[in-house]
Amino acid sequence: MPDAIQVKLPDGSVRQVPAGTTPAELLDTTGAVAALVDGEPFDLGRGLDHDVSLAPLPATNDQGRAVLRHSTAHVLAQAVTDLYPGAKYAIGPPIEDGFYYDFDVPEPFTPEDLERIEARMREIIAEGQPFRREELSRADGLKLFADQPYKQEIIEAIDEAEGAGPDLRRGAQGPVSVYRNDGWVDLCRGPHLPTTRAIPAFKLQRAAGAYWRGDESRQQLQRIYGTAWESKEALEAHLHRLEEAERRDHRRLGLELDLFHFPPEVGSGLPVFHPKGGMIRKLMEDFSRAEHEAAGYSFVSTPHLAKSTLFETSGHLQWYAEGMYPPMELEGARYYPKPMNCPMHILIYRSRGRSYRELPIRLFEFGTVYRFERSGVVHGLTRARGFTQDDAHIFCARDQLVDELASLLEFVLRLLRTFGLDDFQAELATRPEEFVGEPEEWEQAEAALRAAIEAAGIPFVVAEGEGAFYAPKIDVHVRDAIGRRWQLSTLQVDFQFPQRFDLEYTGADNLRHRPFMIHRALFGSLERFLAIVLEHYAGAMPPWLAPVQVRLVPIADRHLGYAAVVAGALKAVGLRPEVDDSGGRMQAKVRDAQLAKVPYTLVLGDRDEAAEAVSVRLLDGSERRGVPLQDFVSHLQAEVAARATTASLPGQDP
RNA sequence: GCCCGAGUGGCGUAGUGGUAGCGCAUCCGACUCGUAAUCGGAAGGUCGUCGGUUCGAAUCCGACCUCGGGCUCCA
C-alpha cells in the first residue's frame, strides 16, 4: 500500500492524504451519507488505499437511502439488545421504503415495547456514535459472536460461497467485516453512515413474526419493521402515502361503495358481489369478450367440478393437491372443484381430430376456479379462494408460437392501458425445482417467451425457478397510481399437458404432430383485477366503468318530473343514471353523490327545466351550468365510447 | 399453516366485572332549498359462536369462526 494517495474531492480539488484516510473524514462537510468512490458505492468507514475520485452519495437516492435505512436497522438492534439483555439478533436489511430487523426474544414485542425501543434509538442517535468498520478472520468472528447463534450461522455459511445470505457478498475467502458503534457490534458488509447522528428521521412501524431464513420449518423470530428518511418532511410524505394507500384499500372501498362483501357464512375468501360491484364486473366482462372476439377467440363454457381421473391425468392431484378443495364422493366417483380450467379446455380440443388448418385454436372462458389458500394468506379480492379467471388456452404449431406470444403481449398491454395502467414490467419465470417434462423442452419454451418479450419491447427481468410446475411463464406487473406493483397477466407456454393428454393435429404432411399450448389470463382474475383498478382509481371509476355514471339531483320535489325526463334520455342511449329522490336538501344530495364517487352529478332546478338543460358537476368540484341536455348526453356517450380514463365537463377537451 | 392483534345494531365507534351508549345510514313527519351534511321523532344490538370461571361476564379463561399486520405460499 502506498504511504500517501491522491483524492479528487467533489468540489474538483485534489488533495494528498495519508493512505488509510476514510471517505468520511474527507466528506464530513458535504452532508453525504455514503460515498461513491470512482463511481461505485463505497464504505465511508473503510480506508482508501489508492488514488481515487470521490463523490458524495446523498440520502436522497436509492443507494443513499439504503445506507441510511441499514444504519437505522443497526441502531434498532443496538437498542433492542440494550433493553432486552440476552436478545439474539439475526438480520436487518434495508427494504423498499424502510428496513427490518429480526430478533430471537422470549416474548413478542408489543406496541409499548416499540415505543420504548424507539425512545432508546433516539438516545443512541443523539449521542452521535460513529460507525467503525473492522475486518476479522472468520475464527475471530465466530469468537466475537460466540453468544449470537444466528451470526455464527451466517459466518459459517460464508464458506459455502454464493448465496450465503443478504449480509454477505464478500466471497468465500475474504475476512468477515463487522461494524461497531459504541460498545455494540454487528456482522455486516456495510456501508454505513459516518455516525448515528446522520439519521434525520425514522419511525418504527410494527412487529410481526418471521421465520429465520424464510423457512417455515425453522425458528420463528420477531421482526420489527421501520422506515427512515433523509428528512422529517420525507418521512411525513411517506407516512402520508401509507394513509393514502389505506384510504384506497379495495376492501374498504368495496364496503363504502356497496360493491361486494365476504359473508362469514359463505367462508373465508369467498366474496359475493352486490349490484354495483356486479355492474363493474359485467362492464369488464363485456369489454373483455368484445376484445377476445375481435382477436379470434372462440367462447367455451365448462363445469366447476370434475372427477378425479381428469386431475390425475393433468397431474394436478400429484402436483397441486394442497391447493385443491377436498373431493366429494358420489356414486363411487370422487369429484373435485376445479383449481384451473386448462384440463377442461383440453378435452374440448381433443373432442375430435384437428387439422393444421384450424390452428391456432383459441378457447376462451370466464372460468371460476377454487383454490384452497392457506388460512393466513387470504386477502380481500386479491387473494380469494374462489375466483374467476379470464382464461384462454391457445393450441398452436411450433412455428406459430413466437408470433402468437408477441401478439398476445400486445393484447395484454392494450387491455391494461384501457384501464389506466401503463407502467409495465414483465417477468420471465423459468423452470422451478419441481417440474414435469424434459429440460430441453423447457429451454425451447423459455426461448420463445423471451423472444416475444423482446419483440414487444417492454422491460423485463428473469425470475429463476419461478415458473409453474408444467410451464415457464411471463407475468406482467404494473405499477398503480400510488406506485405499488402488482402482478397481473400471465402467459405460459406448455408442452406437458399436450403430452399428458396426448393431443395431436394432422399436419400438411399428413403426419401427426403435437401442438403447443399457451395458457394465458389477462386480468389474471376478475376479482383481483377489479381490486387493483378500484385502488388505482381510488374508487372513482372512469365513466365507462362506473356502475352509476350520472347522479341526478332534483333541487326540490317539483323537479322530480324533469329528473325522470333526463334519466329517460340517458337510459335511452344505454347510459346509467340514478335519480336521488330522497327529499333531502340539494347540498346533501350533492355530498352523497360525491361520496358515492359517481363521476357526474347533474343538478336540476327551475332554470334547467325551463331551458332543457342540466348543471354538470364533477368529482373534483368543477361545474358547468346550463349545459343543454342533448350536449351532455352526447358528451358522455363519446367519453364512454372512447373509454376515457377520466370524466370531463362538456365543452372541454377530454 | 405459523407469530401477533382484533371482533359491540348495515357502517364507524364508547364502554375492562354490576341491567349496552354515541355518530352516520334506515324509517316517519316537517322543510322544498342552486353545488359537500335542514330540523324533529322512531326503529334497530341475546356485544362473532360455543363452553367455562363468577352471586353477576361485552369485560376474565378455553376452543372454534371471521377479519387485520407479517412469515411461508400465490391469480
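In chain A, 66% of the contacts with a separation of 6 or more are accounted for by residues 24 or more positions apart. The model is a predicted one. Of the 654 residues of chain A, 39% count as buried. The C-alpha atoms of the chain fill a box of roughly 90 × 75 × 50 Å along the principal axes, and its secondary structure comprises 19 helices and 33 strands.

Five of these strands form an open sheet with mixed pairing, in the order 30-29-31-32-33. Strand 30 (577-579) and strand 33 (623-628) are at the edges with a single partner strand each, so one side of each has no neighbour in the sheet. On average, neighbouring strands of this sheet are turned by 30° against each other, direction ignored. The partner of strand 33 is strand 32 (residues 613-618), and the two pair in the antiparallel sense over four bridges. Glutamate 623, in strand 33, is the bridge partner of arginine 617.

By residue class, the surface near RNA strand B consists of 19 nonpolar, 23 polar and 20 charged residues.

Key:
Residues are numbered from 1 along each chain as its sequence is written. Chains are lettered from A and ligands numbered from 1 in the order in which they are written. This is a predicted model: local features need pLDDT of at least 70, side-chain atom pairs count only at pLDDT 80 or more; totals for chains, interfaces and linings use all residues. Ala, Val, Leu, Ile, Met, Phe, Trp, Tyr, Cys and Pro count as nonpolar, Asp, Glu, Lys and Arg as charged, and the others, Gly among them, as polar. A residue is buried if 20 or more other C-beta atoms lie within 10 Å of its own, exposed if 12 or fewer, and partly exposed in between; C-beta atoms are placed from the backbone. Two residues are in contact if their C-beta atoms, placed from the backbone, lie within 7 Å. Two strands pair if DSSP finds at least two bridges between them. Axes are lines fitted to C-alpha atoms, for helices over the stretch in contact, and angles run from 0 to 180 degrees between N-to-C directions.
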